[in-house]
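I opened the model and went through it by topic.

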Amino acid sequence: MESSILESIGQEIIGVMSPVSLCMLLVVLLVYSLSDSNPFSSSSAPIRTAANLVYLENPSDTTAQKLEGALLNALVFVILIAIVTFVLVLLYYYNFTNFLKNYMRFSAFFVLGTMGGSIFLSIIQHFSIPIDSITCFLLLFNYTIVGVLSMFSGGMPIVLRQGYMVSLGIIVATWFTKLPEWTTWVLLVALALYDLVAVLAPGGPLKLLVELASSRDEELPALVYEARPTVSRNEGNPRSTLGLLVAGVSDSGSVELQAVSNNNVRRDGAENRRSPEYTAVQVRNLEYVEGERNRDEGERSPLVGHSRERYSSDSNSSEYSTVIHNRESEASVDEEMSPLVDLLGMDNEREHERRDSVVASRGIKLGLGDFVFYSVLVGRAAMYDLMTVYACYLAIISGLGCTLILLSVCHRALPALPISITLGVIFYFLTRLLMEPFVVGMATNLMMF
């Protein structure tokens, strides 16, 4: 019976959901920890960023003004992202790959060094950690340099690269939680719609970028989290754990088996061809073996393979045959002798290894923006109540799981924001407007504990 989709991609789903959950958890902890510290206090003055270039929300503004200003901010931000993405596609189309790589290195260095350093200093001030400025600078400098090298240099452990990708998402998401409330929610909905159009619509910038990278067989020129499945070499080729069995005839005429590794077979193959007297177990009675083999020419054991390994000598041109010992019929060895079953083909083994390497290189890739905006939604929910945090987290994880299942069915690039963001926004307002008053009222009247 064929396995279900959930069984086939279960490991990859866990490999994606775990870092997403970790990113959201750490953002929620930072929002709670730094709620009274600058620059992330919600009570402090809003900062001017690319997400609120048109309108700065004030508490004294009316609801209509907040909604109109939030829509304008979201529209301008989405247009800026679309322009930057199209410029990125043009640069990649004209093979400005080195420029794009250097730009991404600078962006990662800037985010880790300045934005991450600001969060680091806020944590030191909030918890009154005793540390001098020189040590703080050295720690931040090493953290930034190692992060840039691990994300853009070869030979680094994949775990280190994944960890720094999650760190980038945490830093950017924590800064995005500084945005005003109305701007944040409208911006999340607008980005989900833009992601849907950019990935699936004909001529969408992200769709063009993915198609260009696929046609060139190159990695995407973007900050992408890669969840590689851990595939054992022996899972694709179970015979590779068995090794090779080489047999020969001992002094007493019985057959013995000896396990020989593949490396030994490759290393000693040339010696076996040059020296006909060399076998795994030395054959003493060659005439007896040859006679038994010729006598049983018409009647062979079922263990006989379609091809046998023969060795020739310059002196007497005698052929050496190897046989397999059937331990259940040890008494009848003298009556029936069989050549060794054909050795495992090296070509098949190399083909299995190639397939394993291809499978090991596959994996679900999630853009860094998905980490950021998932965490922004949960971080904004954390500013209200923990109940909304639980609801939004479950909604985001459910939407991500649905997206991954659709990915395994459609076998094409899909946007990761629309389903999760839609469910997260719906669950947030349902929890805040319906569930939270109901639960609080029930608990207040001692009807639910």
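I started with His411, which is exposed, with a relative accessible area of 68%. I note that the model is predicted. His411 belongs to the loop between α13 (386–410) and α14 (417–444). I looked up its backbone and found phi near 55°, a positive value in a residue other than glycine.

I then looked up Asn95, which is not a glycine and has a positive phi of about 65°. The residue lies in the loop between α2 (63–93) and α3. Asn95 is exposed, at a relative accessible area of 54%. I checked the residue after α3 as well: Ser128 follows the helix and has a positive phi, near 55°.

Next I went through α3 itself. The helix covers residues 97–127, which is 31 residues. From first C-alpha to last it reaches 43 Å, close to the 45 Å expected at 1.5 Å a residue. Where does α3 bend? I found the bend at Gly116, by about 35°.

I listed the buried residues of α3, among them Leu100, Met104, Ala108, Val111, Leu112 and Met115. Gly116, the site of the bend, is also among the buried residues.

The entry is unreviewed and lists residues 106–125 as one of its "transmembrane region" spans. In the model that span is 100% helix and 0% strand, with its end C-alpha atoms 27 Å apart. The record also lists residues 388–409 under that heading. Here too I read 100% helix and 0% strand, and the end C-alpha atoms lie 32 Å apart.

I turned to the rings. How many aromatic pairs are there? I count ten, taking ring centres within 6.5 Å as the rule. One of them is Tyr93 with Tyr94, an edge-to-face pair at 5.1 Å centre to centre and 85° between the planes. I call it edge-to-face because the planes are over 60 degrees apart. Tyr93 is partly exposed, with a relative accessible area of 47%. Tyr94 is exposed at 55%, because the cut-off for exposed is over 50%.

Ring pairs also link Phe77, Phe176 and Phe373 into a cluster. From Phe176 I went on to Thr49: their C-alpha atoms are separated by 9.3 Å, although the two residues are 127 residues apart along the chain. Thr49 is in the loop between α1 (5–33) and α2. Thr49 is partly exposed, with a relative accessible area of 27%.

I looked for charges over rings and noted two cases. The charged end of Arg216 sits over the ring of Tyr92, 4.7 Å from its centre. Arg432 lies over the face of Tyr384, at 4.2 Å from the ring centre.

Last, I looked up strand β1, residues 224–227. Are its faces covered or open? Both are covered: Val224 and Glu226 are buried on one side, and Tyr225 and Ala227 are buried on the other. β1 runs antiparallel to strand β4 (residues 364–367), and four bridges join the two. Within this pairing, Ala227 stands opposite Ile364 in β4.

How values were computed. Residues numbered from 1 in each chain as written. Predicted model: local features only at pLDDT ≥ 70, side-chain atom pairs only at ≥ 80, totals over all residues. Heavy atoms only, no water. Phe/Tyr/Trp six-rings, centres within 6.5 Å; stacked < 30°, edge-to-face > 60°. Buried < 20%, exposed > 50% of the residue type's maximum accessible area, 1.4 Å probe, protein only. Lys NZ or Arg CZ within 6 Å of the ring centre and 35° of its normal. Expected span 1.5 Å × (residues − 1). Bend = angle between axes of the 7 residues up to and from the residue. Pairing = 2+ DSSP bridges. UniProt positions renumbered as here; feature names shortened; annotations may be inferred.
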